[in-house]
Amino acid sequence: MKPAHAIWASWLSFLLYCSALQTASGADETARLAQLDKFWSEVQAAVQNGDYERYKATCHFSGVLVSGAKKTSYPLSKALAGWKQGFLDTKSGKMKASVEFRFSQRLGDDTTAHETGIFRYWTADANGVRNDNYVHFEALLVKENDWQTLMEYQKGPASENEWEKLKR
């Protein structure tokens, strides 16, 4: 075999190898994103049903909430304690609440994820008066047994227009 042919054959083998890796990686990524979509659906269901314990289970025991608006950070357990009454009020029917997520970037591997996007959290009082809040956020998740939020960074307000640009 001529040296030029050997180089070409080696290059072709390398490209085929990389192509096979990319296909396997793409399948893995699809499965990972499906797991994460299920996680975010679980968060949404917990908020919508006022299920505090279910929501709490989506948070890592060492989790941290970072608030861009308040320019601070604190344990997620402290944030959960502050949010508990809203869950109880939702569960009892005093109010309605829900949350939806849209993403601009989703990075990670089998056991870690960094999700960036906007969430829309809304509440409606007993009279049906609705209040929508759009928030730029980043979440760092870890998967030990199930996915859990290790860090939630609520960066600051987002607009409805920005939300619409991130349609699923």
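**Exercise 1.** Which residues does Asp 89 touch, not counting residues up to four places away in sequence?

*Solution.* Before starting, note that this is a predicted model, in which local features need pLDDT of at least 70 and side-chain atom pairs count only at pLDDT 80 or more, while totals for chains, interfaces and linings use all residues. Residues are numbered from 1 along each chain as its sequence is written, and side-chain values use heavy atoms, with hydrogens and water left out.

Step 1: look for contacts, meaning heavy atoms within 4.5 Å; with residues up to four places away in sequence set aside, Asp 89 touches Lys 94 and Met 95.

**Exercise 2.** Decide whether Asp 89 and Thr 116 count as buried or exposed.

*Solution.* Step 1: recall the cut-offs, where buried means under 20% relative accessible area, exposed over 50%, and partly exposed in between (1.4 Å probe, protein chains only).

Step 1: apply them: Asp 89 has 18% relative accessibility and therefore counts as buried, and Thr 116, at 14%, counts as buried too.

**Exercise 3.** Describe the order of the strands in the open sheet, and find its edge strands.

Step 1: read off the order of the six strands, which is E2-E1-E6-E5-E4-E3, with mixed pairing. The edge strands are E2 (72-75) and E3 (96-108), each of which pairs on one side only.

Step 2: examine E3 and E4, which run antiparallel and are joined by 12 bridges; Phe 103 stands opposite Gly 117 in E4.

**Exercise 4.** What kind of pair do the rings of Tyr 134 and Trp 163 form?

*Solution.* Step 1: recall that rings of Phe, Tyr and Trp (its six-membered ring) pair if their centres lie within 6.5 Å, and that planes under 30 degrees apart count as stacked, over 60 as edge-to-face and the rest as tilted. By this rule the model has 12 aromatic pairs.

Step 1: take the values for Tyr 134 and Trp 163, whose ring centres are 5.9 Å apart and whose planes stand at 55°, so the pair is tilted.

Conventions:
Pairing = 2+ DSSP bridges. Helix = DSSP H or I, 4+ residues; strand = E, 2+ residues; numbered from the N terminus.
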